Amino acid sequence: MIAAALRVMWLSLLRDRAALTMAFVLPTVIFSIFAAIFSGAMGDRIRIHLGLTDLAGTATTQRLVTALEAEPSLRVERLKAGDAEGAVAAVRRGEVDVALVLRGDLAAQTGTAPAGQPILLIESPARALATPIALGQLQRALNGALPDVVLSHIVADVERSGKIGPEERAFLSEAFAEQRAKKEPFAFTGLVETRTTASGRGNERVSYYAGAITAVFLLFAAMQGALSLVEEREGGLADRLAAGPGGLPVIVLGKFLFLLLQGVVQAGLIFSAAALLHGVDVTGHWAGWLVTSALVSAMAAGLALAACALAATRQQAHLAATFGVLLLSAVGGSMVPRFLMPPWLQQAGWFTPNAWAIEAYQNALGEGALSALPAWGVLAALALAGLGAALALVGRTGFGRG
């Protein structure tokens, strides 16, 4: 009997090509994506998208620009912004991961204290890991391509410490030793000033992950709820429901509304925890948050109902719920921030609903409703397309009989 049961299960899987593909092909695809993500986020293979603006236009800044553009671990983009505020806006909009504004000559002026840091670094809380990576590559470029500039700042420190006489070498050695003993940084370590795009209204870094996790769980929950379509069809209940007023499309609309409300409640619980435990500002943007949550819930409900209406068996629907959501979440940035992914995978992320859900939450809780309009439009289109497909599929002849 055990052998017979095994044979029946194997034949059932073998006859169901969709289930066979999702059982043996999709796991490999998902592994390959994760391998690409994590291999691209390790060591020298990570490629931070760096925005660069040279406002000074001096010989030293031009040498630094050349060195940064030649660095294989960076994707350097010359920003068109004519000032620091334009670079801040580029980072805030997510056009680049981090930006450098070269606003003064890098060489130290002999015998004078620095009037201001010549390099301005602009970071985003949502891509905080990009900042230390960019700083490390910047220091590497300075040490490798501009050693004379770095040494000029060290000499300026010594000159400001006192008079350089005939015992120059001994004096320099003593000055450097005293500096190291005091654990005070040399001047070249203070070339960079960091400025953040954080608004100060809450923990924006946690809000990113709240949106990412919300997208994953709403998709999972919607798929589980939409499985009832398959259960009703396989149990014969769909035939009786199709004979009722409005037929199966009315049933689908009722399920859609339930899943939408369920998703808003789930999003509310996640963001309530984010607000209470991590200080994420939701109340200051409650209208934008509510619209975003409703659209993300509608998107998840529509896609889930369409997938379950299309599935021929419960096994297909269950595998689609598991592997489909994992695939979309991995590529869309719900599991790993997209800026850590290879460039081609970052672009592929825009074809997933997760990326647009995260974008909508980031903009609605940051810049405001106006900046979230493009993401809202995409989510609304996905919700309508999913719901329309589900209604068309259940209305086709023979749906109730599988």
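Trainee: What should I know before starting?

Mentor: This is a predicted model, in which local features need pLDDT of at least 70 and side-chain atom pairs count only at pLDDT 80 or more, while totals for chains, interfaces and linings use all residues. Residues are numbered from 1 along each chain as its sequence is written, and side-chain values use heavy atoms, with hydrogens and water left out.

Trainee: How many helices and strands does the secondary structure of the protein have?

Mentor: Helices (H or I, at least four residues) and strands (E, at least two) are DSSP runs, numbered from the N terminus. The protein has 16 helices and five strands. Of its 402 residues, 44% count as buried, where buried means under 20% relative accessible area, exposed over 50% and partly exposed in between (1.4 Å probe, protein chains only).

Trainee: How is empty space found?

Mentor: Rolling a probe the size of a water molecule over the atoms shows where empty space is left. On a 1 Å grid over the protein atoms alone, a cavity is a set of points where a 1.4 Å probe fits but cannot get out, whereas a pocket is an open set with protein on both sides within 12 Å along at least five of seven lines; lining residues have an atom within 4 Å of a point. Grid points are joined across faces, edges and corners, and a volume is the space filled by probe spheres set on the points.

Trainee: What volume does the largest pocket have, and which residues are closest to its centre?

Mentor: Its volume is about 950 Å³. Of the 35 lining residues, Arg 92, Arg 93, Gly 94, Arg 127 and Glu 359 are the closest to the centre. Two or more lining residues come from each of α5 (84-92), α9 (204-234), α14 (343-348) and α15 (353-364), and α15 gives the largest share, five residues. The lining comprises eleven nonpolar, 13 polar and eleven charged residues; here Ala, Val, Leu, Ile, Met, Phe, Trp, Tyr, Cys and Pro count as nonpolar, Asp, Glu, Lys and Arg as charged, and the others, Gly among them, as polar.

Trainee: Is Arg 127 buried or exposed?

Mentor: Arg 127 is buried, because its relative accessible area is 14%. This residue lies in the loop between β4 (119-123) and α6 (130-145). Leaving aside neighbours within four places in sequence, Arg 127 is in contact (heavy atoms within 4.5 Å) with Val 91, Gly 94, Val 96, Asp 97 and Phe 339.

Trainee: What lines the second largest cavity?

Mentor: Among its lining residues are Leu 218, Leu 259 and Ala 300. This cavity holds about 30 Å³ of space, and α11 gives the largest share of its lining, four residues. The lining has six nonpolar, four polar and no charged residues.

Trainee: Where is Thr 214 found?

Mentor: Thr 214 is found in helix α9 and counts as buried because its relative accessibility is 0%. Leaving aside neighbours within four places in sequence, Thr 214 is in contact with Ala 267, Ile 270, Phe 271 and Tyr 361.

Trainee: How is a pair of packed helices described?

Mentor: Two packed helices are described by the angle between their axes and the distance between the axes. The axes of α4 (residues 59-69) and α6 come within 10 Å and cross at roughly 115°; axes are lines fitted to C-alpha atoms, for helices over the stretch in contact, and angles run from 0 to 180 degrees between N-to-C directions. The residues of this contact divide into seven nonpolar, one polar and one charged.
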